[in-house]
Amino acid sequence: LKKLQEYFSEIHGSPREKTDIINGIIRDYNFNRDEVAYVGDSQSDCIAAEKTKIFFIRREMNSNANPVTNLWVIKDLSDLRGVLEKIKKFNIREGD
């Protein structure tokens, strides 16, 4: 156990579909989709983000057999804050 529970309000997983989980979080917390980012390392994570129309941040791993190509990439969670700031600036420009 990596003792990460203190950093999360909720933790979700199988057997629920990723898209159902994302849509539930957006609904339950009354988020706008442009306020939500999904951090993942697989093609299925990227697809779930695309289907739910939220940002996808790929966690780059050496073991990724087929790395997902996208604009936002981090090596680990210490890079997350910087990428979220870039997304925020990007999203403001896109909305203009």
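**Close-up views of a predicted model**

View 1. The model is predicted: local features need pLDDT of at least 70 and side-chain atom pairs count only at pLDDT 80 or more, while totals for chains, interfaces and linings use all residues. Residues are numbered from 1 along each chain as its sequence is written, and side-chain values use heavy atoms, with hydrogens and water left out.

**View 2. Helices and strands both line the largest pocket.** At least two lining residues come from each of α1, β1, β2 and α3 (80–95); helices (H or I, at least four residues) and strands (E, at least two) are DSSP runs, numbered from the N terminus. The largest share, seven residues, belongs to α3. By class, the lining holds 22 nonpolar, seven polar and 13 charged residues. Here Ala, Val, Leu, Ile, Met, Phe, Trp, Tyr, Cys and Pro count as nonpolar, Asp, Glu, Lys and Arg as charged, and the others, Gly among them, as polar.

**View 3. Nine residues make up the largest nonpolar core.** They are Ile22, Ile26, Val36, Tyr38, Cys46, Ala48, Ala49, Ile54 and Phe56. Both α1 (18–28) and α2 (43–51) supply at least two residues of this core, and α2 gives the most, with three. A separate second core has six residues, including Phe55, Trp72, Ile74 and Ile87. A nonpolar core is a set of buried Ala, Val, Leu, Ile, Met, Phe, Trp, Tyr and Cys residues joined through side-chain atoms within 4.5 Å. Buried means under 20% relative accessible area, exposed over 50%, and partly exposed in between (1.4 Å probe, protein chains only).

**View 4. The aromatic pairs number three.** Rings of Phe, Tyr and Trp (its six-membered ring) pair if their centres lie within 6.5 Å; planes under 30 degrees apart count as stacked, over 60 as edge-to-face and the rest as tilted. Tyr29 and Phe31 are stacked because their ring centres lie 5.7 Å apart with the planes at 15 degrees. Tyr29 is partly exposed at 38% relative accessible area, and Phe31 is partly exposed at 35%. Tyr38 and Phe56 form a tilted pair, 6.2 Å between centres and 40 degrees between planes. This pair links distant parts of the chain, with Tyr38 in strand β1 (residues 37–40) and Phe56 in strand β2 (residues 55–59), 18 residues apart. Tyr38 is buried at 18%, as is Phe56 at 6%.

**View 5. Ser14 and Pro15 are joined by a cis peptide bond.** Omega is about 10 degrees. Pro15 belongs to the segment before α1.

**View 6. Asn30 has a positive phi, near 55 degrees, and Lys53 has a positive phi near 60 degrees.** Most residues other than glycine have a negative phi. Asn30 sits in the loop between α1 and β1 and is exposed at 67% relative accessibility. Lys53 is in the loop between α2 and β2 and is exposed at 65%.
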